[in-house]
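Got the viewer open and a hand on the selection tool? Let's walk through this one stop by stop, selecting as we go.

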Amino acid sequence: MISFKKVWKKLGGETVLGGISFSLAADGVYCITGPSGCGKTTTLRILAGLEQPDSGEVILPQDRQVSFSFQEPGLLPWKTAEENITFVLRDLMSPGRCLKTAGEYLNLMGLWKYKDYYPAAMSGGMRQRVGLCRAFAYPHRLLLLDEPFKSLDLPLKLTLLKDVLKIWSLAPRTVVWVTHDIAEAALMAHRVLVFSAKPAVVKSQLAIDLPPRERNLGDSRVARLISDILEIMEGEAKLEKGMGESDEKYQRD
Amino acid sequence: MLVLAWQVLAGFYGPVILPSPAETLGALAGLAAGGDLWSMTSVTVGRGLAGFLLAAALGVPLGLLLGFNTGLEKAFRPLLVALQTTPLVSWLLLAIIWLGLNGSVPVFIVAVTTFPLIVINSYHGVKSIDPGLVEMARVFKIKKSRVITEVYLPQLVPFLLAGFSAALGTTWKAVAMGELFSARSGVGAGLSVARMNLETAQILAWTLVLVVLGLFSDRLLFYLARRRFNFMGVEKGRGGLH
């Protein structure tokens, strides 16, 4: 069980989180979406223990086995794809097991061919996938994904979504997934949390009963989910735009 | 081309002002035959390396410390600038007063001139460390020793090498300067003797020795670095070495 109670966080003089509250049950997939720069990444960083909230209460599970797929994938440039994955495993298992585990996940993500590539020789999307691979391979109870499919094209994204679902159903864990892509959220999440613009609060939460396995983009129920999330976000966008216009007028005067 | 221009100019000015390349090589051969070339050069190399190693042993830790500690960096920066701008001649005179006329003066001169170069490059190495990678290592709870060898060091090495390379370039100039007035042996002393006897060809011959030392030590540094750090894949990943 994870919970945020009225969490506030200031970064560089600006209030990013303005009293965020939510709670997440174990082994669910939770998508966080909302306008750009609204503190989604900051929320993940607090969950990872990389930031401390200024005020409010954060409850995290005792055995903090956290894995993270970063938006900038954070690969070591002097290590190959395979070495980048074994790098995080080496303290936990024998060299043989490291290679075996890394190989399994590289295979699952269709990266086996590229295991000896250095990050400099990979495309942005490939680097992102290696980062994702590393996050899955690292033993965890809580998986944090920060826009894991940001630089991927749609067909590849849909394939990978299926793979992620497959990996998750083999060993269910709590997943907190930050994304801009509403379709991604509608396909994967057990619950979608929509954040407001800065300073962020949780504007709305949509629980989705339909098992992710039975969802696909053509399904009318998924289409309705997408339009529901969109409606909430558009309301938010209108609000923001209205504020922007008034700012402009103010400046013109 | 350069040698040709040298030859033409030498013909114009005569051997006291500018000896020809052949006369310079002749002087070099003369020094080699007399045994001076090897004995003087080896003394100079020993002093140069001693000063360089002293500067590296003190400068690298200090540079790293300053990089990781912004407060200390502010306190030390004026001192570093002062060290760098103090004229070599002042150091030389002070060293002679402090240490006397002996072989430790050139060692001191080399150490004091290369030390700021090594500190500053080590400092910039720390500043160039990618905080995203350090954070990544923190999230995955990588052991401290492995974070140092596999995350920090590969990022630092190109900067440390740049510092060593700059320091070695200065080393041979500084050691000769140090020896010129203070020592009875070494290339600098050889220069001093040649000057007194107006043996311009010998001055050029000793200068040639110093230049060759510079070229050789630079290549040696990169050769050793390549062998030592290849396993980290520094070259492949970053192109930091060349």
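Predicted model: local features only at pLDDT ≥ 70, side-chain atom pairs only at ≥ 80, totals over all residues.

**Stop 1: the domains of chain A**

Start by colouring chain A by domain. The assignment puts residues 2-65 and 140-252 in domain 1, while domain 2 takes 75-139. Now show the residues where they touch: domain 1 of chain A brings 10 residues, and domain 2 of chain A brings 10 residues. On the domain 1 side of chain A, look for strand E6 (142-146) and helix H5 (154-170), each of which supplies at least two residues to the contact with domain 2. Colour that domain 1 side of chain A by class and you get five nonpolar, three polar and two charged residues.

**Stop 2: the three-stranded sheet**

Stay in chain A and select E1, E2 and E4. They form an open sheet in the order E2-E1-E4, with antiparallel pairing. Which strands are at the edges? Those are E2 (14-24) and E4 (55-59) of chain A, each pairing on one side only. Step from strand to strand and the twist averages 25 degrees.

Zoom in on E1 (residues 2-11) and E2 of chain A, which run antiparallel and are joined by eight bridges. For a landmark, pick A:Val7 and look across to A:Ile20 in E2(A), which stands opposite.

**Stop 3: the six-stranded sheet**

Now for the other sheet of our tour. Select E5, E6, E7, E3, E8 and E9 of chain A: in that order, the six strands make an open sheet with mixed pairing. Strand E5 (66-69) and E9 of chain A stand at the edges with a single partner strand each, so one side of each has no neighbour in the sheet. Here the twist averages 15 degrees from one strand to the next.

How do E6(A) and E7(A) pair, parallel or antiparallel? E6(A) and E7 (residues 174-178) of chain A are parallel, with five bridges between them. Click A:Leu143 and you'll find its bridge partner in E7(A) is A:Val175. Bring in helix H4 (residues 124-137) of chain A, which packs on this sheet against E5 and E6 of chain A; its direction makes about 170 degrees with that of E5(A).

Then slide over to E8 (residues 191-195) and E9 (residues 202-207) of chain A, which pair in the antiparallel sense over five bridges. A hairpin of six residues takes you from E8(A) to E9(A).

**Stop 4: where the chains meet**

Zoom out and show both chains. Their contact takes 17 residues from chain B and 17 residues from chain A. On the chain B side, select helices H7 (131-139), H8 and H11 (234-238), each supplying at least two residues. H7(B) gives the most to that side, with five residues. By class, the chain B side divides into nine nonpolar, three polar and five charged.

**Stop 5: helix pairs in chain B**

The crossing of H4(B) and H6(B) is left-handed. Show side chains for B:Leu80, B:Leu83 and B:Gln84 in H4(B), which meet B:Val112, B:Phe115, B:Pro116, B:Val119 and B:Ile120 in H6(B). That contact of H4(B) with H6(B) has seven nonpolar residues, one polar and no charged.

The axes come within 6 Å and cross at roughly 55 degrees, so H8(B) and H9(B) are oblique to each other. This crossing of H8(B) past H9(B) is right-handed. Among the residues in contact are B:Val175 and B:Leu180 from H8(B), and B:Val187 and B:Leu191 from H9(B). The class count for H8(B) with H9(B) is seven nonpolar, three polar and one charged.

Key
Residues numbered from 1 in each chain as written. Chains lettered and ligands numbered in written order. Axes fitted to C-alpha atoms, helices over the stretch in contact; angles between N-to-C directions. Helix = DSSP H or I, 4+ residues; strand = E, 2+ residues; numbered from the N terminus. Parallel < 35°, antiparallel > 145°, perpendicular 65-115°, else oblique. Left-handed = near helix turned anticlockwise from the far one by under 90°. Contact = placed C-beta atoms within 7 Å. Nonpolar A, V, L, I, M, F, W, Y, C, P; charged D, E, K, R; others polar. Domains from an automatic or database assignment. Pairing = 2+ DSSP bridges.
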